[in-house]
Structure formats: structure tokens, C-alpha cells
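Colleague: I'm new to this one. Can you walk me through it?

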Amino acid sequence: MLNIELQYFAQLQDEAGRAHEIRQTQALTATALYDELRNAYGFALEPACMRVAINAAFAPWEQSLAEGDHVACIPPATGG
Amino acid sequence: MADAPVDISALRRMLLLPEAGGVCSFEGRVRQTNEGRAISGIDYSAFGPLALTEGQVILMDAKQHFAIRHATATHRTGYLPVGETAVWIGVSAAHRDAAFNACRYITDEIRQHVPVWKNEHYANGVTGWVPCHTL
């Protein structure tokens, strides 16, 4: 089990009902972690339309997770 | 990234270099309607550390791809009423073509890649996240 620090933004934050959490997970990759979170919170966004940031840097969805990683799924940007 | 109004004149002064014959800027403001709905304001949220990193990458890319002397950009977070400046981009260059093109490039790249999200507040009290610009 890994302890992962999660940060939620925009519609993901609304759906999760929180901005941060530390979650114990057996997920080995960001993809597997997002699948787990979709089951938990019913996230509507498909991973194909998002990016993931690990430790505040964009990373491949298949990147392996490590103990204590900070993970943020990044909804499509709408600033500007 | 700024959670309070920014002194645009100070940003502009940074662009006024002796070798720069052209200065081009873009100011994005909160519009009173979107998709036919009346807007009272927009709440901007951001992933601050990543937004700063991505913004710096975009400015560095612009300096590599266009013959410009300097470029700067700022983006607001928090609730902004109609008419407030949300984003400001400024570029200086020896000649106007590079200044125009780089300003457009930076503006488009920020919209697509910097992790900032708009939650629109409608005049009827409802709020809604803006769908993506591009997928």
C-alpha cells in the first residue's frame, strides 16, 4: 500500500467534495489510481481529456507511483 | 499568478527597452455573457506551482521561436466581476511582426496549457465550470 497525497481542482474538486486528501492505495500507476477515484467519487471526466501531474510536474499516466507522491489530475485548462 | 489586481503599468515598463521598436499586449477581461448566458463574474482557480512552471516554459519557448526582446504574462485567480482583467500578456521586439506573433502565441498557449479553470457565476445565481477550450 502506498500513501498518496491527492489534490483536486475544478469539477473534480466539486465531485470529490474536497480539495486535498491522503489516500492509501494499491494502485501502481496514475491510471490505476484515477480508475479507483472514479469508482469512489464518480468523476465524469475521461482520463483521455486530462493530464496528470506528479509532484507538481506533468507526467505520463503510466508513470509508477511512489510512497508520498503528490498527485493531481488536471482537467482541461480553461483560463485566459 | 496573482490573487489581487496587478499593476499593469509596471509590467509594461519592463518591456520598454531601447532596442524594442514595437510593444504588443493582450488583455483578457471578464465578459458579461458566455454562450448566451448573462455572467456576473468568474472565479478563477489554478494549480499554482504547475501554472508558474508552465507559464515560464511558454515564455521561454516564445523567446526561442520569435525575434523578441522580452515577454511577460500574468493571470489572476479568485473571483473577478465583469470587466476585470483576468490575463495580461506583453511582448516587446525590434519589429512589429515578431511582437504581434509572439503575443498571440503566448496567449493561445496559456489558454491551452496553463492549469487555470474558470467557474462562471451566472446572473441567476447558478455557477458552472467552463468546458475545455480544446481537446
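Colleague: Which residues touch the most other members in the largest nonpolar core?
Modeller: This is a predicted model, so treat it as such. In that 26-residue core, B:Tyr44, B:Ile68, B:Val91 and B:Ile106 touch the most other members.

Colleague: Which element gives the most to this core?
Modeller: H3(B), with 6 residues. Other elements of chain B that each supply at least two include strand S3 (37–46), helix H2 (48–65) and strand S4 (68–75).

Colleague: And B:Ile106, what is it in contact with, leaving aside neighbours within four places in sequence?
Modeller: B:Ile58, B:Leu59, B:Ala62, B:Ala71, B:Ile89 and B:Val91. There is also a second, separate core of 22 residues. Among its members are A:Met50, A:Val52, A:Leu65 and A:Val71.

Colleague: New topic. How many disulfides are there over all chains?
Modeller: The search finds 0.

Colleague: What about B:Cys24, where is its nearest cysteine sulfur?
Modeller: In B:Cys103, 4.1 Å away. The cut-off for a disulfide is 2.5 Å. B:Cys24 is in no disulfide. B:Cys24 is buried too, with 12% relative accessibility.

Colleague: Is B:Arg69 buried or partly exposed?
Modeller: Partly exposed, at 47%. B:Glu19 is partly exposed as well, at 39%.

Colleague: How far apart are the closest N and O atoms of B:Asp108 and B:Arg104?
Modeller: They are 3.1 Å apart, in a salt bridge. The two residues sit 4 apart in helix H3 of chain B, so about one helical turn separates them. B:Arg104 is exposed, at 56%, and B:Asp108 is partly exposed, at 28%.

Colleague: Which residues are linked in a network of salt bridges?
Modeller: A:Arg18, A:Glu21, A:Arg23 and A:Glu36. Within it, A:Glu21 and A:Arg18 meet at 3.7 Å, N to O. A:Glu21 is buried, at 13%. A:Arg18 is partly exposed, at 36%.

Colleague: Last one. Where does B:Asn119 lie?
Modeller: In strand S7 (residues 116–122) of chain B. B:Asn119 is buried, at 11%. A polar atom of its side chain lies 3.3 Å from the backbone nitrogen of B:Gly128.

Terms used: Residues are numbered from 1 along each chain as its sequence is written. Chains are lettered from A and ligands numbered from 1 in the order in which they are written. This is a predicted model: local features need pLDDT of at least 70, side-chain atom pairs count only at pLDDT 80 or more; totals for chains, interfaces and linings use all residues. Side-chain values use heavy atoms; hydrogens and water are left out. Buried means under 20% relative accessible area, exposed over 50%, partly exposed in between (1.4 Å probe, protein chains only). A polar contact is a pair of N or O atoms within 3.5 Å; within protein, one must be able to donate a hydrogen and the other to accept it, and residues adjacent in sequence count only if both atoms are side-chain atoms. A nonpolar core is a set of buried Ala, Val, Leu, Ile, Met, Phe, Trp, Tyr and Cys residues joined through side-chain atoms within 4.5 Å. Contact means heavy atoms within 4.5 Å. A salt bridge is a side-chain nitrogen of Lys or Arg within 4 Å of a carboxyl oxygen of Asp or Glu.
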